[in-house]
Protein chains: 4
Amino acid sequence: MRKICIVVTARPSYARIKSVMSAIKKRSDVKLQLVVAASALLERYGSAIDYMKTDGFKPDAVVYMVLEGENLVTAAKSTGLGIVELATVFDNLKPDVVVSIADRYETIATAIAAAYSNIPLVHVQGGEVTGSIDEKVRHAVTKLSDLHFVANEDAKRRVIKMGEDPDKVFSTGCPSIDLAAQISNTSTKNFNPFELIQKGVGEPFDPKEEYLVVMQHPVTTEYKDSLAQIEQTLMAISSLKMPTFWLWPNVDAGSDKISKGIRMFRENNHIPFIYFLKNMAPEDFLKLLINSKCLIGNSSTGIRECSYLGLPVVNIGKRQQGRLRGKNVIDVDCNKQDIINAIDKQLQNGKYPKEEVYGDGCADQKIVELLSTVELSIDKKIHY
Amino acid sequence: MRKICIVVTARPSYARIKSVMSAIKKRSDVKLQLVVAASALLERYGSAIDYMKTDGFKPDAVVYMVLEGENLVTAAKSTGLGIVELATVFDNLKPDVVVSIADRYETIATAIAAAYSNIPLVHVQGGEVTGSIDEKVRHAVTKLSDLHFVANEDAKRRVIKMGEDPDKVFSTGCPSIDLAAQISNTSTKNFNPFELIQKGVGEPFDPKEEYLVVMQHPVTTEYKDSLAQIEQTLMAISSLKMPTFWLWPNVDAGSDKISKGIRMFRENNHIPFIYFLKNMAPEDFLKLLINSKCLIGNSSTGIRECSYLGLPVVNIGKRQQGRLRGKNVIDVDCNKQDIINAIDKQLQNGKYPKEEVYGDGCADQKIVELLSTVELSIDKKIHY
Amino acid sequence: MRKICIVVTARPSYARIKSVMSAIKKRSDVKLQLVVAASALLERYGSAIDYMKTDGFKPDAVVYMVLEGENLVTAAKSTGLGIVELATVFDNLKPDVVVSIADRYETIATAIAAAYSNIPLVHVQGGEVTGSIDEKVRHAVTKLSDLHFVANEDAKRRVIKMGEDPDKVFSTGCPSIDLAAQISNTSTKNFNPFELIQKGVGEPFDPKEEYLVVMQHPVTTEYKDSLAQIEQTLMAISSLKMPTFWLWPNVDAGSDKISKGIRMFRENNHIPFIYFLKNMAPEDFLKLLINSKCLIGNSSTGIRECSYLGLPVVNIGKRQQGRLRGKNVIDVDCNKQDIINAIDKQLQNGKYPKEEVYGDGCADQKIVELLSTVELSIDKKIHY
Amino acid sequence: MRKICIVVTARPSYARIKSVMSAIKKRSDVKLQLVVAASALLERYGSAIDYMKTDGFKPDAVVYMVLEGENLVTAAKSTGLGIVELATVFDNLKPDVVVSIADRYETIATAIAAAYSNIPLVHVQGGEVTGSIDEKVRHAVTKLSDLHFVANEDAKRRVIKMGEDPDKVFSTGCPSIDLAAQISNTSTKNFNPFELIQKGVGEPFDPKEEYLVVMQHPVTTEYKDSLAQIEQTLMAISSLKMPTFWLWPNVDAGSDKISKGIRMFRENNHIPFIYFLKNMAPEDFLKLLINSKCLIGNSSTGIRECSYLGLPVVNIGKRQQGRLRGKNVIDVDCNKQDIINAIDKQLQNGKYPKEEVYGDGCADQKIVELLSTVELSIDKKIHY
């Protein structure tokens with residue numbers, strides 16, 4: 001029985017692999033080995049592990065590996081520590097194949113630990129283009145991986161162009177769209193986010209009101225500007241005075257500066273209409289988005305899930321630069337007035353038609369079939 | 001004054017960067033920061049650090065990072081530990097640019113530590129093709145690097161094809177050829193290797209006799225076959241009964257099996273004509289090659305330096321598969337009889353004409369000029 | 001010239017060794033090697049490194065080593081990571097003697113790294129008795145140390161009783177008292193803490209008003225009760241409605257729960273009279289204490305410096321249980337009403353007479369003389 | 001059901017805990033959790049894990065943690081790495097109690113990982129006195145431990161004198177004596193060690209002949225003298241020309257020098273009568289000793305098991321200095337002639353009467369009963 005090891009290391013990674021995890025669990029011919037690590041274990045980043053447990057997933061191993069500091073040095077060291085420990089975990093679990101997700105530093109830790117251990121490595125979400133360190137890491141992981149399950153034909157073409165064997169690259173769609181598809185068919189009329197948030201900060205408002213959602217992470221390659229960048233968004237949102245759900249940033253070099261910016265702004269300004277939260281279950285977060293008027297920030301959710309949901313998005317700065325996108329996105333610089341103008345435009349426009357840029361909602365079935373049946377090998381050579 | 005940090009982690013890496021280190025030291029407008037780590041510190045692997053000190057290089061930092069075991073798990077863990085510690089070293093040395101060499105696991109540790117620390121990263125020897133885990137690691141390092149100093153036009157073309165900015169890829173030639181060029185213009189008539197070897201094992205012979213050199217490393221992706229593979233070479237050489245210098249293998253997953261294979265063979269067979277050694281100064285090793293009749297094994301030296309030296313090479317197995325080569329190389333499988341036949345052929349053929357496949361001997365000047373003057377940045381995006 | 005390496009890993013450690021660092025710097029026959037590590041680097045814990053730099057100390061090495069999580073697992077792992085990296089730091093700095101301070105987890109990391117490296121190890125503040133994991137760690141560090149500079153005769157007697165060589169145990173007094181002595185001779189009339197606090201949270205009040213100071217850390221051996229314990233203190237202080245300076249807790253297993261308790265309490269209660277801060281320069285913090293009416297919590301400062309300053313202290317719970325104390329301390333359980341009653345009692349009592357329980361203010365001179373001249377060795381055997 | 005986690009990290013540690021492991025396995029009310037780590041995994045040190053598997057023990061986790069170099073720096077770093085990983089292992093296995101054995105660096109890694117994780121810690125073999133770094137480490141582990149199972153009343157008295165609670169110190173005897181007792185009741189007439197040794201080096205001799213056994217480890221506090229020290233023993237044994245079984249040293253700072261000394265001596269001298277081996281099953285090794293004429297070196301086996309077996313021992317240098325011993329031991333300095341003289345004396349003397357200095361052979365029963373039933377706690381305070 002093939003043992004499929006999935007390493008989940010962050011809040012967003014869980015949303016992007018959950019449908020696949022569920023699909024594996026349903027099959028009797030393969031076995032799920034779940035490793036939960038890094039910020040997925042940390043309360044400051046929303047304890048994604050709690051949602052996994054609620055969803056019925058039991059971790060086979062848990063690995064704390066995030067160095068405190070949220071700066072460039074500690075991101076590097078967390079990656080190293082992750083490799084050290086994941087190698088031991090793999091040595092003890094003996095998986096037949098390891099799945100690494102997207103382009104975070106924990107992703108490359110997983111990739112290196114598996115590659116050096118001669119365990120076939122599957123990369124989900126390769127071949128896309130962005131800014132930040134993620135851009136370097138994503139393509140490096142591609143070069144370490146044996147199989148590629150990408151979100152669309154554009155990504156497939158790019159992975160092959162990088163020299164990967166075309167027979168090893170599969171355009172399965174992104175599993176994050178599976179959840180989006182499922183939720184968009186669900187009634188969200190009586191959805192009350194305040195009943196679901198345990199660690200929010202701020203004054204609850206009537207969720208029937210029109211509201212915004214903000215999610216903005218640091219751009220590690222612009223590390224020193226992190227504080228200045230978040231201030232522009234804070235000023236823009238606070239001048240609009242609309243009810244807003246604001247998610248704390250991911251663990252990344254610069255997150256500390258963003259958190260500090262938010263805390264300082266909150267101390268010095270009266271912004272009762274902004275409600276800050278750390279995490280929700282992946283499905284609940286999608287419901288929060290569906291009911292909102294616009295997503296602001298630089299999360300890939302704006303590009304991925306929101307293209308399927310048709311949700312207006314104001315995408316700020318370079319973090320998502322180059323990523324294939326739908327018509328629902330307006331790109332702006334990190335500038336208060338530009339952000340305000342773009343939000344206004346999106347509010348006037350309202351919902352966009354659904355686009356299947358990142359998948360049709362059936363990635364889980366395609367991926368689980370491949371994981372269960374595809375021939376696994378570790379020998380690979382560039383195709384030119 | 002630009003601080004250029006070079007991380008040397010193994011015996012062969014020193015030979016491949018020494019000419020550049022010397023060239024940096026001679027310039028007054030840049031400063032060399034030397035970090036010596038991994039097997040370059042270990043007596044079992046020839047203590048390359050001793051040769052650096054003899055050559056007048058003083059390490060700015062020294063980092064033990066090799067986990068004992070020489071298996072797949074420990075290779076992964078050594079990589080992780082290297083990242084943890086090199087990140088601290090870079091944080092303390094604050095280099096302006098970091099140079100990572102070739103395709104070993106320590107190379108990717110250096111690359112990740114620098115990339116996450118937002119320090120511009122130069123990769124030397126990218127764009128080549130081989131077997132083993134090196135193939136994956138080399139291209140992953142390319143994707144993490146900001147500048148590429150490659151050995152030839154073939155490598156340049158490949159790096160660009162992977163999506164790198166053509167303006168950041170420079171065909172400088174490989175610095176290992178600089179040493180080869182220098183030594184091939186030196187008289188080696190009175191060269192007596194036995195006077196230079198401190199830790200050799202076996203019975204010295206008259207170095208004026210015709211002799212062979214063997215250097216064979218494990219192929220990590222064929223980890224389990226390491227012992228069987230070295231036995232074929234041992235049987236081939238021992239049946240030839242020619243005086244032979246045999247170098248112990250590099251630190252790699254499988255080295256322990258190769259060492260064990262050698263030790264067992266030595267206990268069970270009378271092979272006084274084979275002399276085992278761990279290391280020599282890079283120049284002395286080239287002299288040893290020049291005076292020899294044939295190099296046997298799977299070292300890249302056979303492909304690189306030996307094409308310039310015109311030395312006959314019998315290249316065994318998949319480790320160098322795909323690497324651009326000169327006419328001096330005969331490729332064979334890991335098979336006793338094939339190896340013997342190929343050696344016979346090479347002995348009959350004798351020396352080959354010099355070929356400049358990996359450079360013309362002036363890589364150091366081109367590289368140091370670039371390191372000193374090229375614009376440094378960490379922002380990069382795939383070119384398609 | 002003897003190289004004396006001091007490893008400072010936390011806000012309180014700096015206060016306890018600063019006078020010695022200054023004294024070393026003034027001597028020409030010894031050299032200070034300063035290593036700054038762990039929470040002393042982290043903004044969340046008050047960036048003690050900034051105060052060191054302001055005071056003219058330049059770190060020879062900086063080591064991030066705190067794993068995020070603030071739980072038991074991460075405390076253990078931070079210790080391990082600290083050993084790994086401090087061993088490398090010592091290998092590069094080659095100190096003649098290493099000084100480890102008090103009883104924190106970073107202390108034992110320093111101790112082990114030095115002991116295994118055969119570097120003579122000096123322990124400052126051994127031989128005292130407390131609760132929490134500190135109790136185990138302090139005595140373990142004693143057994144790893146070659147020389148002991150203790151705070152008083154009681155500690156000296158205890159260290160010797162544990163089997164240490166009486167000739168290696170010196171009752172020097174605690175250097176933290178040196179600062180207290182210096183500040184108690186300084187005018188603090190015009191001291192305005194709000195001018196010195198950069199990262200405070202809350203509404204400033206008139207510092208001429210009577211105020212309290214609170215500093216309460218987790219008790220790691222009662223890890224699960226951390227949240228409940230801080231709530232009692234929060235309720236006590238908030239019912240008193242006196243102006244209060246409240247310091248965020250140290251990095252320890254359970255700190256996250258304390259921080260969370262504070263944040264939750266602050267969201268749910270109107271407590272404008274409590275001002276939260278992360279750090280001050282050691283001298284400024286002593287001025288803050290001198291001008292206050294009472295220190296509440298479980299910091300050793302209440303036992304050490306405050307006995308010299310004669311400041312009334314309400315000491316809560318088991319953290320300081322067993323530590324030698326002056327008359328200025330009232331011990332209470334973690335119970336709102338007990339805390340309130342004890343504060344009332346202390347406010348009525350006012351200042352106590354100075355006691356020299358932890359030294360006479362000249363520890364720096366005694367310690368630096370010993371560090372400079374005492375015979376150093378690493379060979380030791382239990383004395384019974 | 002109480003989960004008892006035993007961490008075995010070296011060849012000798014297995015011999016010292018095996019009887020307890022077997023006894024736990026036989027009980028149905030407790031569960032054995034076996035962690036195998038460090039040199040117990042390494043072929044160079046005899047792969048103790050293979051013997052455990054043969055004996056029917058299945059590891060719950062395996063952790064590579066030995067840094068290569070065998071010097072002081074790498075010993076420190078291995079300790080740190082061990083803590084990092086064992087903390088994760090304990091976090092995943094959730095044992096109710098952890099058992100740490102003796103005084104090696106891996107022992108303190110286990111101790112710190114458990115102590116910081118608030119897991120009750122049992123120390124076996126505390127309270128003894130020796131030289132080397134072991135002396136510091138052993139007593140430091142005592143101060144970190146909650147329960148002490150010591151070998152004799154002398155050790156018990158010493159542990160209590162160090163301030164431990166007398167109710168937590170149990171004189172159970174040393175489990176290593178259990179094996180000795182069992183083997184001394186077995187016929188060893190037809191015992192042929194050469195049939196059991198897989199990785200020996202040298203020329204087998206008739207095991208019915210009179211033979212010696214040598215086992216000498218480095219003294220870490222005399223690290224620099226390691227090579228000179230082993231040479232004295234090599235010269236002594238080679239001048240005697242008696243058949244000899246010689247065990248390679250443990251992994252410790254200086255082992256590399258000892259191994260090198262042996263290899264060099266073997267290259268330069270004809271010593272066919274010495275047969276080198278890495279490991280045997282614990283019972284087989286005891287049979288080897290019983291049939292021998294004398295044990296030479298500095299292993300604690302000479303002091304512990306051999307006092308029970310009545311085997312003549314020549315104990316060299318400071319490593320065992322201070323350890324309680326029977327009449328079977330002659331102590332000598334690291335000096336060729338002294339060693340020869342002492343061996344002569346022992347050969348003339350022949351076997352000694354059995355002494356129960358380290359136990360009566362029933363430690364396993366006492367320990368397993370305590371492990372199963374004793375009250376476990378982590379709260380502790382020095383008793384004076």
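1. Two strands are taken to pair if DSSP finds at least two bridges between them. On that basis, chain C of this predicted model contains an open sheet of seven strands, in the order E3-E2-E1-E4-E5-E6-E7 and with parallel pairing. Strand E3 (61-63) and strand E7 (169-171) of chain C each have a single partner strand and stand at the edges, so one side of each lacks a neighbour in the sheet. From one strand to the next, the twist averages 20°.

2. Within this sheet, the pairing of two strands may be followed in detail. Strand E5 (residues 121-124) of chain C and strand E6 (residues 147-150) of chain C run parallel and are joined by three bridges. Opposite Val124(C) stands Phe149(C) in E6(C). Helix H3 (residues 72-93) of chain C packs on the sheet, where it touches strand E1 (2-8), strand E2 (30-37), E3 and strand E4 (97-101) of chain C. The direction of this helix makes about 170° with that of E3(C).

3. The same surface serves both copies, as 100% of the contact residues of chain C recur in chain B.

4. Chains D and C also meet: 42 residues of chain D are in contact with 42 residues of chain C. On the side of chain D that touches chain C, at least two residues each are supplied by helix H3 (72-93), helix H4 (105-116), helix H5 (132-144) and helix H6 (153-161) of chain D. H3(D) provides the largest share, 13 residues. By class, this side of chain D has 23 nonpolar, nine polar and ten charged residues.

5. The crossing of H7(A) past H10(A) is right-handed. H7(A) contributes Leu179(A), Ala180(A), Ile183(A) and Ser184(A) to the contact, and H10(A) contributes Pro282(A), Glu283(A), Leu286(A), Lys287(A) and Ile290(A). Six nonpolar, one polar and two charged residues make up the contact of H7(A) with H10(A).

Notes. Residues are numbered from 1 along each chain as its sequence is written. Chains are lettered from A and ligands numbered from 1 in the order in which they are written. This is a predicted model: local features need pLDDT of at least 70, side-chain atom pairs count only at pLDDT 80 or more; totals for chains, interfaces and linings use all residues. A crossing is left-handed if the near helix is turned anticlockwise from the far one by less than a right angle, and right-handed if clockwise. Helices (H or I, at least four residues) and strands (E, at least two) are DSSP runs, numbered from the N terminus. Two residues are in contact if their C-beta atoms, placed from the backbone, lie within 7 Å. Ala, Val, Leu, Ile, Met, Phe, Trp, Tyr, Cys and Pro count as nonpolar, Asp, Glu, Lys and Arg as charged, and the others, Gly among them, as polar. Axes are lines fitted to C-alpha atoms, for helices over the stretch in contact, and angles run from 0 to 180 degrees between N-to-C directions.
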